[in-house]
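Have the viewer open while you read.

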Amino acid sequence: MLLSCVHLIRRPLQCIQPLIVLPSRSFMDLKALVSSLNDFASLSLAESWDNVGLLVEPSPPHTVSTLFLTNDLTEEVMQEALQKKANLILSYHPPIFRALKRITWKTWKERLVIQALEHRVGIYSPHTAYDAIPHGVNNWLAKGLGVCATVPLHPSVAPSYPTEGTHRVEFSVDHTEHLETILSNMRGIPEISSLITLPARAEDEEQTRVSLNCTQKALLEVVALLSQNSLLYHKTEIMLLQKPLLPHTGMGRLCTLSEPVSLSALTERIKSHLRLPYIRLALGTGKTLEAKVKVAAVCAGSGSSVLQGVEADLYLTGEMSHHEVLDAVARGISVILCEHSNTERGFLSELRDMLATHLENKITVIVSERDRDPLQVV
């Protein structure tokens with residue numbers, strides 16, 4: 001039997017480096033990001049007194065790779081944002097609310113602006129725009145009650161309809177020769193828009209129907225002009241133009257529970273939802289902890305103005321004044337207070353996930369770990 005010889009050939013070993021593909025870091029231009037944030041929640045939904053939008057802008061161009069979410073932007077939270085290399089801070093509460101007359105190192109809010117600009121960090125605040133949206137803070141707070149149907153306490157209206165004017169005036173002109181004179185006089189009144197004429201027929205007579213939109217101020221001049229012709233004036237119709245309501249959008253929520261729940265059980269649900277060991281409770285006159293709650297009025301933060309006069313079994317909010325609580329209790333309404341920002345902060349975790357999806361995961365979205373309510377029970 002023949003055995004074949006096997007020759008071993010020694011060769012130097014070659015070290016093959018594994019091919020590692022590192023994910024490229026994503027960026028968004030600040031202007032594009034702000035535009036996307038405004039699409040997520042229109043700033044037109046914010047209260048007129050609020051200060052929302054981009055509050056601090058580094059010199060362009062400015063790109064953002066990390067969006068940092070916080071309820072309150074304190075100096076401690078600012079340091080955290082800088083440590084985590086944030087390029088834009090979304091602070092639910094606007095750190096700049098009242099006008100700053102100078103930017104010095106004297107006050108903590110001025111120092112925030114200085115640090116943001118020195119480190120090229122933008123600051124954006126949505127505040128009450130997030131209160132109003134259907135997927136916002138108040139809807140999140142209402143989830144703590146359990147299964148319920150919710151409607152806004154104060155519905156928002158469409159911001160851009162109608163585009164001009166508060167009133168519509170319509171009247172008919174019988175004689176064509178009078179028409180041009182009337183139209184000329186109308187066009188001379190400021191704050192009149194959408195002036196149109198249409199052929200009409202009334203009582204077997206050919207007429208011209210005139211329609212216009214005007215402001216409250218211009219309405220007075222229009223009425224004065226038309227009243228010079230009594231026949232024309234008596235054929236005038238004046239309509240108040242009201243903007244349509246936006247569905248599921250507005251301040252506060254009125255929540256009707258699917259099943260009545262005892263107040264004691266409801267307080268435990270709320271504490272669990274907000275992750276709080278304690279909350280403050282004022283029992284409505286004639287109520288006990290076993291009293292059933294069917295309807296609850298909810299407002300994140302400071303709910304006094306939003307909840308005022310609302311009929312419900314329970315008010316749930318962050319804070320109310322002593323006398324406002326007394327007024328509610330006297331009406332048989334129980335009140336739960338959880339401290340202002342405790343009724344808002346938990347929303348940030350949901351917001352992080354929603355924004356990541358809305359922004360198509362182009363940037364990193366993180367939530368502050370140091371942000372907390374300034375008050376604690378000791």
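A residue is called buried here when its relative accessible area is under 20%, and exposed when that area is over 50%. Keep in mind that this is a predicted model.

1. Start with M186, which sits in helix α6 (residues 176-187). Is M186 buried or exposed? Its relative accessibility is 0%, so M186 counts as buried. Leaving aside residues up to four places away in sequence, M186 touches F171, I192, L195, L212, V222, L225 and L226. As for S91, M186 is 95 residues from it in sequence and 48 Å from it in space, C-alpha to C-alpha.

2. Next, have a look at helix α7 (residues 216-226), whose buried residues are A218, L219, V222, L225 and L226. Down the axis of α7 these buried residues fall within an arc of 125°, so they line one face of the helix. On the face of α7 turned away from the buried side you'll find the exposed residues K217 and L220. Back to M186 for a moment: V222, L225 and L226 are among the residues it touches.

3. Then there's the helix pair α1 (residues 30-40) and α12 (residues 347-358), whose axes come within 11 Å and cross at roughly 120°. The crossing of α1 past α12 is right-handed. On the α1 side the contact is made by S36, L37, D39 and F40, and on the α12 side by L351, M354, L355 and H358. By type, the residues of this contact split into five nonpolar, two polar and one charged.

4. Which side of the burial cut-off does H127 fall on? With 11% relative accessibility, H127 counts as buried. N361 is exposed, with a relative accessible area of 58%.

5. Last one: which residues does a cis peptide bond join? They are P60 and P61, with omega at about 0°. P61 belongs to the loop between β2 (53-56) and β3 (63-64).

Technical notes. Residues numbered from 1 in each chain as written. Predicted model: local features only at pLDDT ≥ 70, side-chain atom pairs only at ≥ 80, totals over all residues. Heavy atoms only, no water. Axes fitted to C-alpha atoms, helices over the stretch in contact; angles between N-to-C directions. Helix = DSSP H or I, 4+ residues; strand = E, 2+ residues; numbered from the N terminus. Left-handed = near helix turned anticlockwise from the far one by under 90°. Contact = heavy atoms within 4.5 Å. Nonpolar A, V, L, I, M, F, W, Y, C, P; charged D, E, K, R; others polar. Buried < 20%, exposed > 50% of the residue type's maximum accessible area, 1.4 Å probe, protein only. Arc of directions from axis to C-beta.
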